[in-house]
Amino acid sequence: MRSGSKAGAGQSVPDYTALQKRLGVDIDAETLRLALTHRSYAYEHGGIPTNERLEFLGDSVLGFSVTDALFRDNPDLAEGELAKRRSAVVSTRALAGVARGLGLGDFILLGQGEQITHGKNKASILADTMEAIIGATYLCHGIEAARQLVMRLVGELLRNVEALGAATDWKTSIQEHAAMNHLGSVRYEVVGEGPDHARIYHATLIIGETRYENGSGHSKKEAEQEAAARSWLAFKSAETSELHADKSDHGA
């Protein structure tokens with residue numbers, strides 16, 4: 001379906017090729033459309049199939065791929081720590097963050113009710129659709145292509161041990177980081193927009209006098225957590241770049 005074509009009242013579907021390019025995988029149009037079909041849209045269009053079966057399949061593929069990677073890459077970690085890390089990577093929050101990075105919400109087929117309440121930015125809908133995309137990839141190309149997709153999507157989290165440890169409480173990790181590095185007091189600037197029944201909050205992390213990353217959500221807490229998560233990952237990325245630069249300067 002091409003950009004601008006109608007998917008339902010008040011919603012048009014962008015060109016699927018844009019999404020497939022971001023994913024790095026070619027899923028046939030019919031299967032991809034099914035993966036993007038939320039039950040609210042299916043209900044309003046005569047009970048057509050939803051993405052829930054693909055979501056079920058993708059959840060298993062995701063879990064297996066992450067478990068396999070963690071097991072192989074961390075031979076000295078105990079089962080409990082492996083389980084903790086897997087839980088962080090496959091969590092709704094983590095998958096929703098990946099989906100937002102892809103702009104997935106703009107492609108999901110939603111009923112009018114979900115459109116009005118900004119369903120395209122709801123963590124649960126984004127995470128479920130991300131799993132459905134993984135399931136669709138498995139159906140079209142098999143386990144290896146699906147595993148490679150999972151690694152592209154969550155590989156950075158798997159490689160970043162500290163980020164994984166912070167995944168359950170990003171705000172606490174930001175507090176600890178700021179204190180350890182003497183950066184100043186931590187606060188969040190939060191603004192809301194939209195009607196009460198569909199209010200969206202936008203938060204910006206501020207440490208001392210410096211503004212860091214932004215986050216959005218359907219509650220102040222969710223927006224602040226996302227801002228903290230994005231800032232934490234930016235901190236870790238900067239530290240990694242500095243380390244590599246230092247090694248290069250010393251001829252490592």
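1. His 38 sits in the loop that joins helix 2 to helix 3 (39-44), helices being DSSP runs of H or I with at least four residues, numbered from the N terminus. This is a predicted model, in which local features need pLDDT of at least 70 and side-chain atom pairs count only at pLDDT 80 or more, while totals for chains, interfaces and linings use all residues. Residues are numbered from 1 along each chain as its sequence is written, and side-chain values use heavy atoms, with hydrogens and water left out.

2. His 38 counts as buried at 8% relative accessibility (buried is under 20% relative accessible area, exposed over 50%, partly exposed in between, with a 1.4 Å probe and protein chains only). Leaving aside residues up to four places away in sequence, His 38 touches Asn 51, Ile 108, Leu 109, Leu 110, Glu 114 and Ile 125, contact meaning heavy atoms within 4.5 Å.

3. The largest nonpolar core has 42 residues, and those with the most contacts inside it include Leu 23, Val 66 and Met 130; such a core is a set of buried Ala, Val, Leu, Ile, Met, Phe, Trp, Tyr and Cys residues joined through side-chain atoms within 4.5 Å. Helix 8 provides the largest share of this core, nine residues.

4. Val 66, again not counting residues up to four places away in sequence, touches Arg 86, Val 89, Val 90, Val 150, Met 151, Val 154 and Leu 158. Another core, of 15 residues, lies apart from the largest one and has Tyr 188 and Trp 232 among its members.

5. Phe 64 belongs to helix 4 and is partly exposed, with a relative accessible area of 46%.

Notes: Helices (H or I, at least four residues) and strands (E, at least two) are DSSP runs, numbered from the N terminus.
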